[in-house]
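Let's look at how a protein packs its insides. Grab the structure and keep it open while you read.

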Amino acid sequence: MQAALSYAELGWPVLPGAVWKDRHFASPVDEQRVSSPCLRPIEEATTNAELVREWWSASGLHEPNVFTVTGSELGAFAVAESLVMELADNPWFAAFPTPVPAFPNIPIAYFLVRPPMPSVLMSHEARVVEAGMPLPLPPSALETTPVIWLVTPEQAGSRLMSGDALADLIQSFEKRKSA
């Protein structure tokens, strides 16, 4: 609950999420199969602390996972592992970081940004995550694989980089590689 409240305080809309159990999404209350990783409709994602407390107060076998949803308040880029390391080592990114959640052993990370998002991103190693996409945030997990922060919101100064600024940085790497 505390993580969900912290994200909502940052202005990131959150939803309670299913847990991953026996190779399917399950209700955190009773481990029964559910059809969606989000336990509420995506349109209900909220920053309302009272609602967040209510959603995460349900008793059950597990705490719900924490999902955010991309849209007008939060955007994201899915970035391949090879480019993640290049971006992380970039002095400009180091000076103006943005939060980056990832799954260990999965070769992709999500760079969270402030919309607007670019309409076109010419990249083989990154893509814009479409609006309305749920993304799990720490301390969520898919069975034994946790969602972790590569760059925490605190390390990013509780700010999001603009989507256009990150797109420019990604495209500068693409140009350098093709030259």
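Predicted model: local features only at pLDDT ≥ 70, side-chain atom pairs only at ≥ 80, totals over all residues.

**Helix α2**
- Helix α2 runs over residues 49-56, and its buried residues are Val52, Trp55 and Trp56.
- Those three span an arc of only 85 degrees around the axis, so they end up on the same side of α2.
- What do the buried residues of α2 pack against? Their partners are α1 (2-9), β1 (14-17) and β4 (65-69).
- Check the start of α2 too: a side-chain oxygen of Asn48 comes to within 2.9 Å of the backbone nitrogen of Glu50.

**Helix α3**
- In helix α3 (residues 81-89), the buried residues are Leu83, Val84 and Leu87.
- They cover an arc of only 110 degrees around the axis, so they sit on the same side of α3.

**The nonpolar cores**
- The largest nonpolar core has 24 residues, and Tyr7, Trp12, Val14, Val52, Trp56 and Leu112 touch the most other members.
- Several elements give two or more residues to this core, including α1, α2, β5 (75-80), β7 (108-114) and β9 (134-137).
- Which element gives the most to this core? That's α1, with 4 residues.
- Another core, of 21 residues, lies apart from this one, and its members include Val84, Leu166, Leu169 and Ile170.

**Leu112 up close**
- Leaving out residues up to four places away in sequence, Leu112 touches Trp12, Leu74, Pro99, Leu135 and Trp149, among others.

Terms used. Residues numbered from 1 in each chain as written. Heavy atoms only, no water. Buried < 20%, exposed > 50% of the residue type's maximum accessible area, 1.4 Å probe, protein only. Arc of directions from axis to C-beta. Contact = heavy atoms within 4.5 Å. Polar contact = N/O pair within 3.5 Å; in protein donor to acceptor, adjacent residues only side chain to side chain. Core = buried A, V, L, I, M, F, W, Y, C linked by side-chain atoms within 4.5 Å.
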